[in-house]
Amino acid sequence: ETNEEYSAKFDRLLTRYEEAGKPPTVWAVSAGASLAVRLCVELVEQPHLNIICGKVLGSQNIGEHYRKRAPAFVRSVEYSQTLYEQLDPNLCTNYIPKENADGVIDTSDMTIPGSKIVDLPPLHHARAIGYALLRYLPKS
């Protein structure tokens with residue numbers, strides 16, 4: 001919901017995390033990754049954060065179209081930029097298309113510095129996400 005306020009989005013994420021039994025691993029995709037950064041920072045014990053093609057940095061690189069259409073997303077990335085250094089990079093994995101092929105998010109805006117990087121095939125954003133979810137998301 002693009003008109004949903006940032007705080008409501010975060011509260012909804014926190015509620016879902018708690019309802020899921022506070023799992024030791026969080027999977028974050030695309031625009032949701034910046035919310036997941038805050039979630040992991042605010043928890044007493046940081047879960048392992050897996051980011052698939054997620055925008056966690058570079059709020060200044062968000063275009064005017066998205067700024068008008070999804071202000072909560074912009075706020076989320078701005079907040080993520082101020083928090084990411086509080087994450088333990090050993091508990092973060094970034095899934096990123098090779099050759100900066102994403103086409104939506106620049107590779108430098110997807111990466112928690114010092115974290116593990118898993119190279120995805122050079123696919124565009126949506127296809128890279130689909131590939132990563134099918135290839136790496138645990139089957140249960």
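**The aromatic pairs and their setting**

A: The protein chain has 5 helices and 4 strands. This is a predicted model. Read from the N terminus, the elements follow the order α-β-α-β-α-α-β-β-α. The radius of gyration of the protein chain is 14 Å, close to the 14 Å that the globule rule gives for 140 residues, so the chain is as compact as a globular protein of that length. Along the principal axes, the C-alpha atoms fill a box of roughly 35 × 35 × 25 Å. Of the 140 residues, 44% are buried. Among contacts between residues at least 6 apart in sequence, 55% join residues at least 24 apart. The accessible surface of the chain is about 7,800 Å², and 51% of that surface belongs to carbon and sulfur atoms.

Now to the rings. A pair of aromatic rings is described by the distance of the centres and the angle of the planes. The structure holds 3 aromatic pairs. One of them joins Tyr6 and Tyr79: the ring centres are 5.9 Å apart and the planes stand at 80 degrees, so this pair is edge-to-face. The cut-off behind that word is an angle over 60 degrees. Tyr6 belongs to helix 1 (residues 6-19) and Tyr79 to helix 4 (residues 71-83), so the pair ties together parts that are 73 residues apart in sequence.

Tyr6 has a relative accessibility of 10% and counts as buried, because buried means under 20%. Tyr79, at 24% relative accessibility, counts as partly exposed. Leaving out residues up to four places away in sequence, Tyr79 touches Tyr6, Arg38 and Glu42.

Another aromatic pair is formed by Trp27 and Tyr95. This pair is tilted, with 5.6 Å from centre to centre and 35 degrees between the planes. Trp27 lies in strand 1 (residues 25-29) and Tyr95 in strand 3 (residues 92-97), so here the pair ties together parts that are 68 residues apart in sequence. Trp27 is partly exposed, with a relative accessible area of 25%. Tyr95 is buried, with a relative accessible area of 7%.

Trp27 and Tyr95 also belong to a cluster. Ring pairs link Trp27, Tyr95 and Tyr136. Tyr136 is found in helix 5 (residues 125-136). With a relative accessible area of 26%, Tyr136 is partly exposed. Tyr136 and Tyr95 are 41 residues apart along the chain, and their C-alpha atoms are separated by 9.4 Å. Apart from neighbours within four places in sequence, Tyr136 is in contact with Trp27, Tyr95, Val118, Asp119, Leu120 and Tyr131.

Lys22 sits in the loop between helix 1 and strand 1. Lys22 has a positive phi of about 50 degrees although it is not a glycine. At 51% relative accessibility, Lys22 counts as exposed, because exposed means over 50%. Asn100 lies in the loop between strand 3 and strand 4 (116-120). Asn100 also has a positive phi of about 50 degrees and is not a glycine. With 40% relative accessibility, Asn100 counts as partly exposed.

A last point concerns the charges of the protein chain. There are 15 positive and 17 negative charges, and their mean positions are 6 Å apart.

To return to the request: the pair of Tyr6 and Tyr79 is edge-to-face and links helix 1 with helix 4. The pair of Trp27 and Tyr95 is tilted and links strand 1 with strand 3. Tyr136, in helix 5, joins Trp27 and Tyr95 in a cluster through ring pairs.

Technical notes. Residues are numbered from 1 along each chain as its sequence is written. This is a predicted model: local features need pLDDT of at least 70, side-chain atom pairs count only at pLDDT 80 or more; totals for chains, interfaces and linings use all residues. Side-chain values use heavy atoms; hydrogens and water are left out. Helices (H or I, at least four residues) and strands (E, at least two) are DSSP runs, numbered from the N terminus. The radius of gyration is taken over C-alpha atoms; the globule rule is 2.2 Å times the number of residues to the power 0.38. Buried means under 20% relative accessible area, exposed over 50%, partly exposed in between (1.4 Å probe, protein chains only). Contact means heavy atoms within 4.5 Å. Accessible areas come from the Shrake-Rupley method with a 1.4 Å probe; for residues, only the protein chains shown count as cover. Lys and Arg count as positive and Asp and Glu as negative; His and the chain ends are not counted. The place of a charge is taken as NZ of Lys, CZ of Arg, CG of Asp or CD of Glu. Rings of Phe, Tyr and Trp (its six-membered ring) pair if their centres lie within 6.5 Å; planes under 30 degrees apart count as stacked, over 60 as edge-to-face and the rest as tilted.
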